[in-house]
Amino acid sequence: MNGADHALTALVTTCAPATTAPAAGGWAPAGPVPERIRLAGAGVLRLERVVLPRGPQAAGARAGALVAAVRPDLVVHLGQGTQSTGVRLAGTAQPEGGAPLDTTWPADALVGRLRAHGVAAEVCDVTEPVDGTVLAAVLSACRAQGLDGTLTGMLMTPAAEGTGTVDHANALGLLLVELADQVRRHRAWRDGRGRVRVPRPVRTLRVGLTGGIGSGKSTVACLLAQRGAHVVDADALAREALAPGSTGLARLREVFGAQVLDAEGAVNRPVLAARVFEDPQARAALESITLPWIAQTAAERLEAAGPGYVGVYDVPLLAEAGMADLFDLVVVVETPMGQRLARLEQRGLAPAQAEARVRAQATDAQRRALADVVLVNDGTVEDLADGVAWLWEHRLAPALA
């Protein structure tokens, strides 16, 4: 039954304490961790909870063997952080003698969703060798076993007094439900049933709205807002991330220098855009400043719509960022290339610049491959409004019922 839509397995590990023996039964971290979690609908998430040896090599070997034996859908390793409160989700972890490795879960978005539930959470990079070695072993075992869809990450709980409280167990439970539902949505889409068919907890109906530059995606977002959707705009968040007085703006000046600022000290966006478009390293540096904050804030604000309502994340780079399974429904707006280029030229871009901006993004085929719904915008605004009406009446309203 492992891997079926109604029965998933999570491998939850932690390392044995350095100085004290494990509690009776061998399991003490993060409070009372259950053996089973009931998911929305008929789903059940079964937890395999294992205390690993303390040494990095022994812990890694044991973790790899467990992945081969259990073949889990999720792997969460619990480590002990240095913070005094809250929880931290690892974005990367560094094994002993190796380079940092990326976890396979969307740490920034998950942090935003935990915060929406009132959990104090942030993203961190883990440098403890034993934790990094466990991650390396799990990732290697997943590759060897063909478990490409297994989500793997690390949750760091406070080291100070208070560790093991119910709050931390609650954070783990919320995290596991989010991860399990992400797996279920991916499998529903892969099997042709659509992500929105996966039962969900009582929360916002999450819609990912994307499309290439000049496709009319923002018009669709406005039409959905007119019908009562709560829209979170990624481009607006990108501006907010570099607003005057923000940490992001201070970091931008530190990395790029004053030449990307105007006379008032605000971002000179045309100058910055030209700089990062022509230089992949500069683009990566800008993304490291802005994207984590955008992802965390977007996820948190999307939940503000509340149960019984539609939350729409208007995001141009959904396909490029691998975000599709974070949503209950992925809507792609698609427009013929000629019309997109004409719209960009009307905005003041030279033909060569317009084409370069389009080519820098995912292709129509790549976006379409991830979509639950494709809205073709090759006619009038009224035609597009008819498509949005169909989307609302035939996909969104039934999902809310």
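## Exercises on helix packing and a parallel sheet

The axes of helix 8 (residues 269-278) and helix 9 (residues 280-302) come within 5 Å of each other and cross at roughly 120°. The model is predicted, with local features requiring pLDDT of at least 70, side-chain atom pairs pLDDT 80 or more, and totals for chains, interfaces and linings using all residues. Residues are numbered from 1 along each chain as its sequence is written, and side-chain values use heavy atoms, without hydrogens and water.

**Exercise 1.** Classify the crossing of helix 8 and helix 9, and state which residues make the contact.

*Step 1.* Axes are lines fitted to C-alpha atoms, for helices over the stretch in contact, and angles run from 0 to 180 degrees between N-to-C directions.

*Step 2.* Angles under 35 degrees count as roughly parallel, over 145 as roughly antiparallel, 65 to 115 as roughly perpendicular and the rest as oblique. The crossing at roughly 120° therefore makes helix 8 oblique to helix 9.

*Step 3.* Helix 8 contributes L272, R275, V276, F277 and E278, and helix 9 contributes P280, A282, R283 and L286, where contact means heavy atoms within 4.5 Å.

**Exercise 2.** Describe the order of the open sheet and identify its edge strands.

*Step 1.* The five strands follow the order 10-11-9-12-13 with parallel pairing; two strands pair if DSSP finds at least two bridges between them. Helices (H or I, at least four residues) and strands (E, at least two) are DSSP runs, numbered from the N terminus.

*Step 2.* Strand 10 (230-233) and strand 13 (373-376) each have a single partner strand, so one side of each lacks a neighbour in the sheet.

*Step 3.* From one strand to the next, the twist averages 25°.
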